[in-house]
There are 2 protein chains.
Amino acid sequence: MAQNDLQMDDGVWLYCNNSAVRRAARQLGQLYDEAMGKTGLKGTQFSLMTQIVRSQEPTVKALADAMVMDLSALGHTLKPLIRDGLVELIPDPKDRRAKRVKLTPEGVARQKEMLGLWQEAQDRFDKSFGLERAQELRQTLAFLSSPEFAESFRRAEENDA
Amino acid sequence: MAQNDLQMDDGVWLYCNNSAVRRAARQLGQLYDEAMGKTGLKGTQFSLMTQIVRSQEPTVKALADAMVMDLSALGHTLKPLIRDGLVELIPDPKDRRAKRVKLTPEGVARQKEMLGLWQEAQDRFDKSFGLERAQELRQTLAFLSSPEFAESFRRAEENDA
DNA sequence: TGATTTTAGTGGTATATGCCACTATATGTG
DNA sequence: CACATATAGTGGCATATACCACTAAAATCA
């Protein structure tokens, strides 16, 4: 019976993995943005800047791969940050097609400033959700984000019956 | 040591729950959109239309709540579907502020058409990820999407130390 | 080396999504 | 009933994100 109810009691259709992830993403987005609030930057921007810091001056392409994001989507997403002087693109001398993404000093400062706020949000998440469960969840989500999973999904036979 | 590595081996920063969910959402979005491809509609639109079908002519507000989506965001998201004649808004006679969301006959047809494609994607997901794991995951994500979790997150004390 | 193919970015266009300001309508209060 | 407040939607603006077409530059191959 449990597998049959495509409709849940509260009337929300919970059966689609894609939809479920997006709903959760919307909620977390609001929660984390709230936590970042005063800084004028969004949670997504913090994550992006943090990934930039951790990668050693990645190319736009490498950064897009790390973020599991479309190359051109990343380009668009970077624009506001570049406009506001937090990020800069530096042509790679070895490969003149490529550009390296880097935080400006201002960007570094802002990222550090946000780190504390992020940590608070993270702590509240762990407290509400459970630390171990959170670690497990992130691992699961990382798997869903991996090229291996995408590969596996695309290869999967549709031989239902 | 495990708690200390904010940077993973492959250089992707995996510590942020928010970022992890979004990465997964991007990947699943691509996978499900791919599956919907030929229909000209996105996975998000399918999910939205399906939720509309399952709710009994919900108001825009009720639908927004079900989708864990901002009211105005939902309004924007509905526009292309209304423009293309798949969805219509019908003023509620009892409460003249409210509007009821409904699929047009064309919308119903398209939703049914997509249902098969969605099921294939769903099956491939289950096969790649594991059926039980998938059910568990959806439950977890539903919890993260719940007002209870949001409440709990917002209330959580930031007394780290 | 010259032609072909692949890779990196950019710009256009479209959907997804949020916040804020504003309008209309309903609700509650004195 | 008149006024204050709360609720439902809309429209503007901004970011998030994708696909496609196009340019430039590197890599491959004949």
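Visitor: Which residues of H3(A) are called buried, and what makes them so?

Guide: Leu63(A), Ala64(A), Ala66(A) and Met67(A). A residue is buried if 20 or more other C-beta atoms, placed from the backbone, lie within 10 Å of its own; 12 or fewer makes it exposed, and anything in between partly exposed. The model is predicted: local features need pLDDT of at least 70 and side-chain atom pairs pLDDT 80 or more, while totals for chains, interfaces and linings use all residues. Residues are numbered from 1 along each chain as its sequence is written, with chains lettered from A and ligands numbered from 1 in the order written.

Visitor: How do you know that the buried residues of H3(A) line one face?

Guide: Look down the axis of H3(A): they fall within an arc of 160°, so they share one face of the helix. The arc is that of the directions from the helix axis to the C-beta atoms.

Visitor: What do the buried residues of H3(A) pack against?

Guide: H2, H4 and strand S2 (99-103) of chain A, plus H1 of chain B. These elements are DSSP runs numbered from the N terminus: helices are H or I of at least four residues, strands E of at least two.

Visitor: What counts as contact between chains A and B, and how many residues take part?

Guide: Two residues are in contact if their C-beta atoms, placed from the backbone, lie within 7 Å. Chain A gives 54 residues and chain B gives 54 residues. H1(A) gives the most to the side of chain A that touches chain B, with 15 residues. That side divides into 26 nonpolar, 17 polar and 11 charged. Here Ala, Val, Leu, Ile, Met, Phe, Trp, Tyr, Cys and Pro count as nonpolar, Asp, Glu, Lys and Arg as charged, and the others, Gly among them, as polar.

Visitor: How are the two copies related, and how do you know?

Guide: A rotation of 180° with 0.0 Å of shift along its axis superposes chain A on chain B, at RMSD 0.0 Å. Thus the copies are related as by a two-fold rotation axis. Of the contact residues of chain A, 100% recur in chain B.

Visitor: What makes a residue near DNA strand C, and which are closest?

Guide: Its C-beta atom, placed from the backbone, must lie within 6 Å of the strand. 27 residues surround DNA strand C, the closest being Thr59(A), Lys61(A), Ser72(A), Ala73(B) and His76(B). H4(B) gives the most to this surface, with 5 residues.

How values were computed:
Copies are superposed by least squares on the C-alpha atoms of residues with pLDDT of at least 70 in both.
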